[in-house]
Amino acid sequence: MSNTVLQIDHITMQFGGVVAVNDLSLTVNQGEIVALIGPNGAGKTTAFNCVTGVYEPTNGRVSFCGKPMVENFPQGKMKKMYKGTMQGEYTAKISPTPDRITKLGIARTFQNIRLFSNLSVFDNVLIAKHMRAKHNWFSSTFRLSQAEERRMREEATALLAEQNLLQLKDEVAGSLPYGIQRRLEIARALATEPTLLLLDEPAAGMNPQETQELTDFIREIRDKYKLTVFMIEHHMDLVMQISERIYVLDFGKLIATGTPEEIQSNQKVIDAYLGVTEDA
Amino acid sequence: MSVVLPYLLSGISVGGQYALIAIGYTMVYGILRLINFAHGDVFMVAGVMMVYMCASMPWYIAMPLMIVFTVLIGFAIERVAYMPLRSAPRMSIMISAIGVSYLLQNLVAYITGGLSQQYPTIPFISDSINIGPANTKVVTVITPFLVIALVFALVMLINHTKIGMAMRAVAKDYDTAQLMGIRINSVISTTFVIGSFLAAIGSVLYFSNYTGVTYTSGAMPGLKAFVAAVFGGIGSIPGAVIGAFIIGISENIVKGFEAMLAVFGINSNIGIATFSDAVTFALLIIILVVKPTGLFGEKATDKV
Amino acid sequence: MKTKENKRGKIITAAIIISVFLFAAIAEKVAPPSWNMLFMVLKKGSIYVLIAVSMNLLNGFTGLFSLGQAGFMLLGAYTYGIFTIPVEDRASVYQYFDGGVIQFTIPVPLALLLSGLVAALFAFLIGLPVLRLKSDYLAIATLGFAEIIRAIFQWQALGPVTNGSNLLRKFPVFESTIAYFAVVGLCVAIILLLINSSYGRAFKAIREDEIAAEAMGINLAKHKMLAFCISSFFAGIGGALLAMYQTSVQAAIFKSAMTYEILLIVVIGGIGSISGSIIASFLYIACSEWWLRFLDQETILQPTERGKFIIVMAVVFVTLLVLMLIRIKKPKGKPRALYGTGAAVCAVVLVWLVYFALTGQTKVPLLRNGFRMVVFSVIIMIIVLFFSHGIMGTKELPDLFKPKEKEDGGKEAAL
């Protein structure tokens with residue numbers, strides 16, 4: 001068994017009376033490509049947002065490389081409304097902001113591309129390098145950390161070259177074609193030097209050929225940067241080809257887990273996607 | 001009590017006047033997400049128009065005419081300065097509002113020569129009246145009742161008429177309302193018309209209490225009314241009204257704070273009254289920090 | 001926004017800046033007294049440059065819509081005044097407060113630095129609660145803080161320090177234009193260095209998309225606070241310079257109207273362009289203090305001038321009217337109401353012009369005190385409505401002198 005990179009324990013996320021994610025537990029191991037699938041509105045992106053610190057989960061814990069990273073226990077009104085079973089297990093309250101989570105080594109992309117669209121491709125990648133640079137505002141302003149700045153630029157250039165985006169480095173990010181924006185968003189995420197990469201629907205809006213290219217691309221970066229990849233995806237072709245394990249979410253609840261073959265033959269999953277009649 | 005009462009009375013009265021302005025802010029914000037910085041100046045222009053009109057005609061003709069003109073100005077501002085920027089970034093339209101405010105102030109400064117204009121005395125509402133120990137004007141007493149009546153009418157309009165329903169729909173979801181065939185522009189115009197109408201009435205009540213109108217008279221009441229709208233939860237009409245009363249009363253209590261302390265034998269002369277304007281903003285910042293959406297505001301979350 | 005090296009642009013820009021400095025330095029020595037107006041505009045304009053640039057750093061580059069600038073200027077102006085009034089003059093300045101409590105002075109450069117630091121310190125304290133707020137709420141909260149600061153400085157109880165609502169005066173001031181230029185130039189250079197540093201890029205990232213910036217590891221709270229404090233630091237220094245220029249300070253002038261004025265300058269120059277803010281500041285001050293002054297004066301025309309005046313006015317407004325009418329016909333673009341209003345205004349002016357020509361008046365109508373500001377605000381509205389990108393958009397001066405480049409070669413290759 002390989003090491004566990006990401007472990008989610010009993011995450012519940014409630015918005016008012018709506019339970020978007022209900023008692024979700026899963027693990028992602030070192031070097032794996034794991035997919036989280038489910039019909040629209042199943043709570044996949046919410047689960048991602050709980051991991052990346054955008055939301056503070058109502059209950060549960062997220063551990064990264066064995067250390068608790070996000071932890072919360074239901075309080076006040078939530079305690080009554082909380083429907084989970086593990087009440088009382090979690091006592092600490094850890095809720096870091098997204099930037100701290102990125103710093104720990106988790107990078108993400110967004111469902112609707114969120115590039116810095118008025119800035120150049122090169123700046124987009126450089127910004128992701130900002131966090132890891134050893135400088136402060138004073139040394140940076142007065143050019144006292146030029147070595148660091150040079151290193152950032154070299155690394156960003158190298159990364160763009162590896163991603164075959166170098167010839168576009170001066171283009172304004174927002175003006176690029178959709179597929180390239182997706183690639184740039186992944187490149188930008190890689191620039192934060194992550195150990196775990198979260199991809200939120202990387203193939204959304206892509207045609208079959210582009211999807212195929214993306215499949216190879218994800219494998220390639222996984223091997224090259226020794227990454228673990230955890231992704232949300234709707235394109236079943238991509239998911240079945242690439243993932244080593246799949247988790248299926250429906251109405252916020254985990255309904256199935258297994259290898260692509262197991263999932264393809266799982267009745268519950270088929271029902272969730274195709275719908276079941278009331279009497280079934 | 002005899003010390004507190006006059007301050008309390010004028011607080012309630014000023015609060016009511018702020019409420020009438022605040023409704024204009026809150027409705028426009030609810031629909032366009034725009035702080036209509038020019039609204040306070042529309043209020044001031046209404047006051048100045050009243051001054052000039054009363055010079056040449058009796059007040060009972062001047063007042064309705066002034067209200068009509070104010071409404072037209074509000075309508076025109078929206079058409080000329082805000083409508084062209086409907087698809088522009090929000091900051092541009094806010095800057096356009098600041099530009100309109102600047103223009104109105106300079107225009108009035110030019111016309112009046114920058115001098116304070118004596119506000120006409122309107123029979124009955126400018127008369128003096130004694131309430132217990134406090135001597136005040138009739139306007140102070142009728143303001144809260146008039147405000148409540150107007151707000152009631154407005155709430156009925158919004159909840160029970162077709163245009164009211166359209167307004168609620170646009171406030172809830174601008175784009176979807178447009179797709180549903182609601183004529184956005186006429187809804188927005190109606191909002192400005194209602195806002196300006198209430199501001200015109202507010203100006204009569206407000207300026208009757210003061211000696212004169214100058215080109216800067218609208219800035220501070222406008223700002224305070226906006227704060228009242230934020231305080232009550234922007235987009236909510238009852239919120240704006242309650243916020244306005246709270247702000248009007250706290251402002252006047254601060255004004256009379258030392259007089260009140262004197263009753264308890266504490267004589268201080270440190271000039272707390274300097275803070276009568278600042279207290280509004282202090283309240284604003286407290287509410288924004290404690291409950292950023294205001295007293296009755298709805299929470300909006302960013303979708304990621 | 002391209003990062004490609006642009007040597008030519010940089011050299012030309014540097015040449016322009018150096019020649020402006022040289023011109024100011026030499027002209028000041030040799031120019032006749034009739035040039036006084038120019039130097040007044042250059043001094044006041046340069047102060048507004050600093051303030052506008054500091055506001056642009058916040059509103060244009062970091063995307064934080066703050067309207068607290070006047071408050072930070074006030075802090076800077078008062079800090080400077082309080083610590084530099086010569087001890088022997090304090091008795092007369094603080095005449096109602098027995099000479100005040102502070103009985104020492106510090107050197108001018110130190111006082112300028114301190115003005116910035118005090119403003120930055122207050123910005124830090126204010127920023128703690130309000131920087132979490134989103135756009136409009138942040139704007140109104142910062143505006144509110146500026147008003148509170150103004151009230152505090154007018155408070156009689158603090159009179160021994162602030163002189164209450166009375167003037168602070170008799171503090172040392174810069175006499176020469178070049179001194180203002182030097183201080184402002186230094187400050188703007190620092191802001192430029194900041195904007196082009198890694199931290200500047202982080203600010204722009206926050207402006208573009210807060211959520212994405214946070215996901216890239218940028219600590220929002222820290223960076224917003226940094227931008228807010230640095231912007232306020234320079235606004236404070238700007239306030240101190242303004243105090244020098246006016247030779248006196250009173251809290252009452254630092255109203256929200258002053259912040260609006262600066263915001264309008266930033267918009268006219270282009271939100272997100274430093275050179276735009278610089279050009280717009282000088283233009284704004286030159287127009288309002290100098291070039292449009294004639295609008296405030298009642299003018300009697302000579303018969304020959306009268307004919308010229310009528311012809312020029314007629315040509316200008318007929319052209320405008322025709323332009324407006326053409327645009328009204330077009331279904332796309334800005335709404336017709338806008339052009340309709342424009343056309344109506346032109347038509348009214350023309351009708352009035354005919355009347356003016358027929359009656360044979362010689363006094364130019366409308367010209368009297370206050371007309372300047374009306375014309376000025378109309379110009380501003382025209383810029384806001386028709387040229388919303390301002391003079392420079394998000395471009396900087398060097399970009400204008402960039403050699404032409406090959407179009408999109410790289411883009412094609414990548415597809």
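**Reading strands, domains and a chain contact**

Modeller: In S5(A), A:Val70 is the bridge partner of A:Val62. This is a predicted model, in which local features need pLDDT of at least 70 and side-chain atom pairs count only at pLDDT 80 or more, while totals for chains, interfaces and linings use all residues. Residues are numbered from 1 along each chain as its sequence is written, with chains lettered from A and ligands numbered from 1 in the order in which they are written.

Biologist: How many bridges join strand S4 of chain A to S5(A)?

Modeller: Two strands pair if DSSP finds at least two bridges between them; strands (E, at least two residues) and helices (H or I, at least four) are DSSP runs numbered from the N terminus. Here, five bridges join S4 (residues 59-64) to S5(A), and the two run antiparallel.

Biologist: What is the order of the strands in the open sheet?

Modeller: The four strands follow the order S2-S1-S4-S5 (chain A), with antiparallel pairing. Strands S2 (18-29) and S5 (67-72) of chain A are the edge strands, each pairing on one side only.

Biologist: Which domains does the assignment give for chain A?

Modeller: Domain bounds come from an automatic or database domain assignment. For chain A, this gives domain 1 (4-105 + 194-274) and domain 2 (118-188). Their C-alpha centres lie 28 Å apart.

Biologist: How many residues of each domain are in contact?

Modeller: Residues are in contact if their C-beta atoms, placed from the backbone, lie within 7 Å. Six residues of domain 1 of chain A are in contact with five of domain 2 of chain A.

Biologist: How many residues do chains C and B bring to their contact?

Modeller: Chain C gives 40 residues and chain B 41. On the chain C side, H6(C) gives the most, with eleven residues.

Definitions and conventions: Contact = placed C-beta atoms within 7 Å.
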